Each structure stands twice: as C-alpha cells, then as structure tokens.
Amino acid sequence: MSIPRLRDYRGPALFSYGFRPFFFFGSVYAGAIILVWLPVFYGQLFLASAFSPRDWHVHEMLFGYIAAVIAGFLLTAVPNWTGRLPLQGRPLMLLFSTWVAGRIAVSISAWIGWAPAAAIDSVFLILLAASAAREIIAGKKWGNLMIVIIISLLAAGNLAFHLEAHFSGLADYTARGGIAVVITLIALIGGRIVPSFTRNWLAKQPPGRMPAPFGRFDAATVGASGLVLLFWVVRPQDRITGGLLLLCGGMHLIRLVRWSGYRTFADRLVLILHIAYAFVPAGFILSALGAFDLVAPSAGIHAWTGGAIGTMTLAVMSRATLGHTGQRLEASPATQLIYAAVIVAAIARVCAALETDHAGLLLAVSGIAWAMAFLGFAAAYSAAFWSLRRP
C-alpha cells in the first residue's frame, strides 16, 4: 500500500499525503459532533442550521465525516492504482478547505440561507470526484472508474439531501440513499480488502482454511445488495422489501464465513475488519425485521451506520496510517481500546432502538463511547499525521 513515488515536498507534513488531513480532522469531527448532538437530542442546545436537528446529525455523519474518510482513502489509493504522483501541498489544501467550508456552511445555514449553504457544501465531493477521475483516466486504469461513479452518486445525494430537507421538511429518502451508497461501497471494497488482508496474514500462520477470493458469489451479493437497498430507499416498510433484505443478510453472512475470520483473533488489525463487516448482515437482518414491524427501523440503520461504517472506517484509517507512515502493522493497546470503544458505541446504539425503556442511558453510553473512539484515534495517531519523520 506504499505510494510509489513522491514530489520533493517541503511544506507542512499534514498536507504531504491525502490521508493525513482528512483522517485526522475527519475523526476529530466525528467525535466532536456527537458531543454536540447529545445535548441537541436532549433539547439542551439549539443549532443555527437550516436542517432539522435529526437531518443535521445524519447529514454531517454521511456527507461530513464519511466523505472525509473516503477522500483520505481515495487520495492515497489512487496513486497506488495509477502510479502517478499524489495530491500534495496547495492543491490538497484547497480540496481540504472546501470540506471545511462545507461543514461551516451547514452549521450556520439558518443564517446564510439553505441555498448558499447547499452550494458551498456541494463543492467538495464534486472536486473529489473530478480529481479522482482525472488521475484514473490519465493512468488508464479504467477498471477503477467505478469508484468515481460512487463518489459522484454521493455528490448528487448530498445536493438532493439539501433539496429534500428544504422542500419536504425532512430528508428521508436521501438519508437512506446516502446510507445505501456507503454500504454498497463497503460491500464492494470491504469484500476485496478483508479477504486479501486476511490471506496475507494467514499465509504466515500454520496451514488451515484460507479465505475465499472475490468470485461470482461475491459479485452476486454486491449486485443484489445494491438492488435491494434501492428497494429499501423507496419502500423501507414494504414486506417484499423485508424479505429481500433478509435474503441479502443471509448472503452477506455466508460471505463473511467464507473469509475465515475465526482464525484471525491473534491479529486485531485483521480481526476488526471481520467484526466491522459483520455489522453489514446485521443491518440487513434488523432492517428486514423493521419492515415486518418486529423491531424499530432505526435498529438496522444504526447497525449499518454506527456499526459497519463507524467500525470499518476506523479499521481502514488505522491500518492505512500505519502502513503509509512506515510503522509495523500491529494494533497497539491504544488502537485496541479504540476498536473496543467503537464496538460498544455501535452495540449500545442498536440496543437503544431495541430496548426503549433504557434508551436514554444507552444513547449516552453510545455517544460517549463513540467520542472516545474517534477522538482517541485522532490523539493516538496525531504524530503520524503531523510529522514527516518516519519511525
């Protein structure tokens, strides 16, 4: 995963690689906005956003935090795919500044107006998609253009979120649409990196069952998931949708079992990838039960968002940061505590939807654990982000 070549860079270390500013400030933002969201949820704090409090929370997690992580991953992966030089220095600063401007604009959109805020907020993902497309096309890596399509869908979904929230009062369809795109991205990319990293580690261990490589069943699972998630976006409470969600959940479970995750307990950097992916089928199954009115619909949503997305992004950020700064691929005690905290946060949030009598306490536990995980990540890895010195 090393970048093949670099410019003679002499600027701030933070803007030497794409992962540095976006992973650091993305994780800080993820932890901070939950600490803001809790008092907002309890009615103790009011936002200056044109969004409803719920929509602000959903938007800033989907198109604020997750967009930053995707940017950090993409800007570091594209040079590996293409062999071209990475984005550094002023161009990277400019791209990062559009992300920051979007976060500020959304937070004060009640003052500046929803339309100017939407325009400012839309710039980042559009520039990210254009930058990735330019590099992939210049490198003639046509097979990687799928990621540009997915980023473009996120960009369109972000603008649609603003429009639906303004004209309908709540952004229901576009919130589900954003979640669906990110879960599809995890199914696609996670379905390649989880078995790949698992195989690399197991190859050094005693002989045993190896993970199945990406094949026809995986392609069918990803394709079916994309289609079923589209049904879920449009008709989340339909019984047919529920049946299809249940089927997809089973397919993802089979996929997970085929990756031999039970053999990876000794390597927490690999194990956490399997745990993160386990929340994908959990989200499908809980969403299916929600469609049948057996559990609250939010249980499945938070299995996907807090569980699959939250845990997978921390797993990928920690592994990528260690690899690209020349450190050993080992989960330190601090990293393991970060992983434990995000798992607690996800489980507590799902349980809050299932056990409404204790929802207040469980929400507080979830929010505090989430903030500990992401702010802890920013603190534990800060030297890797802010220093060019390699260990």
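These legends walk through several close-up views of one predicted model. Residues are numbered from 1 along each chain as its sequence is written. Local features need pLDDT of at least 70 and side-chain atom pairs count only at pLDDT 80 or more, while totals for chains, interfaces and linings use all residues; side-chain values use heavy atoms, with hydrogens and water left out.

**View 1. Confidence along the chain.** The average pLDDT (the predictor's confidence in each residue, from 0 to 100) is 92 for the chain, and 97% of the residues score at least 70. Helices here are DSSP runs (H or I, at least four residues), numbered from the N terminus.

**View 2. The largest nonpolar core.** A nonpolar core is a set of buried Ala, Val, Leu, Ile, Met, Phe, Trp, Tyr and Cys residues joined through side-chain atoms within 4.5 Å, where buried means under 20% relative accessible area (1.4 Å probe, protein chains only). The largest one holds 108 residues, and those touching the most other members are Phe 22, Phe 124, Leu 125, Leu 128, Ile 183, Ile 186 and Phe 374. Helix α2 (residues 53-82) gives the most to this core, with 15 residues. Take a look at Phe 22: beyond its neighbours within four places in sequence, its contacts (heavy atoms within 4.5 Å) include Ala 68, Leu 75, Trp 99 and Phe 124.

**View 3. Helices α7 and α8.** Helix α7 (residues 172-202) packs against helix α8 (residues 216-234) at about 170 degrees, and their axes are 9 Å apart. This makes the pair roughly antiparallel, a term for angles over 145 degrees. Axes are lines fitted to C-alpha atoms, for helices over the stretch in contact, and angles run from 0 to 180 degrees between N-to-C directions. Among the residues that meet here are Tyr 173, Ile 183 and Leu 188 in α7, and Val 222, Leu 229 and Trp 232 in α8.

**View 4. Arg 20, a buried arginine.** Arg 20 sits in helix α1 (residues 19-41) and counts as buried because its relative accessibility is 4%. Leaving out residues up to four places away in sequence, Arg 20 touches Ala 13, Leu 14, Thr 325, Ala 384, Phe 385, Ser 387 and Leu 388.

**View 5. Ala 320 in helix α11.** Helix α11 (residues 297-324) contains Ala 320, which is buried at 7% relative accessibility. From C-alpha to C-alpha, Ala 320 is 21 Å from Phe 214, and the two are 106 residues apart in sequence.

Key:
Buried < 20%, exposed > 50% of the residue type's maximum accessible area, 1.4 Å probe, protein only. Helix = DSSP H or I, 4+ residues; strand = E, 2+ residues; numbered from the N terminus. Parallel < 35°, antiparallel > 145°, perpendicular 65-115°, else oblique.
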